[in-house]
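Subject: Structure for you to look at

Hi,

Here is the structure I promised to pass on. Have a look first, then read my notes below.

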Amino acid sequence: PDLAGARVLDLFAGSGALGLEALSRGAARCDFVETRPASLHALKANVAALRVRDRTRVFNRDALPFAAALPEGAYDLAFVDPPYE
């Protein structure tokens, strides 16, 4: 119930699994931030396959500066799953 209508941010999004799951559970929107080309390709394919383009934005940016520039309250929920390296 906490996801209903939420604005979600998925940093280091990879394939987008966390943000896409949030959308499937009622989040209103999800923005994805990813830089790796293979991950971006998979992410965009997943967004298209699930037909949620109108509820998403994909940013090809470094996640840390992206997050640092956000105003307070920009999102209701943020997922942060950085790569191990």
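First, the surface. The model is predicted, and its accessible surface comes to about 5,400 Å². Carbon and sulfur atoms hold 54% of that area. Of the 85 residues in the protein, 34% are buried.

Next, the overall build. The protein has three helices and four strands. Along the sequence they follow the pattern β-α-β-α-β-α-β. The radius of gyration is 12 Å, close to the 12 Å that the globule rule gives for 85 residues, so the protein is as compact as a globular protein of that length. Its C-alpha atoms fill a box of roughly 35 × 30 × 20 Å along the principal axes. Take the contacts with a separation of 6 or more: 61% of them join residues 24 or more positions apart.

Now the sheet. It is open, has four strands in the order S3-S2-S1-S4, and pairs in parallel. Strands S3 (56-60) and S4 (77-80) stand at the edges. Each has a single partner strand, so one side of each is left without a neighbour in the sheet. On average, neighbouring strands are turned by 15 degrees against each other, direction ignored. Strand S1 (residues 7-11) pairs with S4 over four bridges, in the parallel sense. Opposite Ala78 in S4 stands Leu9.

Helix H1 (residues 17-24) lies across S1, S2 (29-34), S3 and S4. H1 runs at about 175 degrees to S2. Helix H2 (residues 37-49) packs on the sheet and touches S2 and S3. The direction of H2 makes about 170 degrees with that of S3.

Finally, the interior. In soluble globular proteins, nonpolar side chains tend to be buried together. Here the largest nonpolar core has 13 residues. Which of them touch the most other members? They are Val8, Leu20, Leu23, Ala27, Phe32 and Val47. H1, S2 and H2 each supply at least two residues of this core. The largest share, three residues, comes from H1.

Leaving aside residues up to four places away in sequence, Phe32 touches Asp10, Ala13, Gly16, Gly19, Leu20, Leu43, Val47, Thr56, Arg57, Val58 and Phe59. There is also a second, separate core of seven residues. Among them are Val33, Phe59, Ala63 and Tyr75.

Best wishes

Methods:
Residues numbered from 1 in each chain as written. Predicted model: local features only at pLDDT ≥ 70, side-chain atom pairs only at ≥ 80, totals over all residues. Heavy atoms only, no water. Pairing = 2+ DSSP bridges. Axes fitted to C-alpha atoms, helices over the stretch in contact; angles between N-to-C directions. Contact = heavy atoms within 4.5 Å. Rg over C-alpha atoms; globule rule 2.2 N^0.38 Å. Buried < 20%, exposed > 50% of the residue type's maximum accessible area, 1.4 Å probe, protein only. Areas by Shrake-Rupley, 256 points an atom, 1.4 Å probe, with all protein chains shown as cover. Core = buried A, V, L, I, M, F, W, Y, C linked by side-chain atoms within 4.5 Å.
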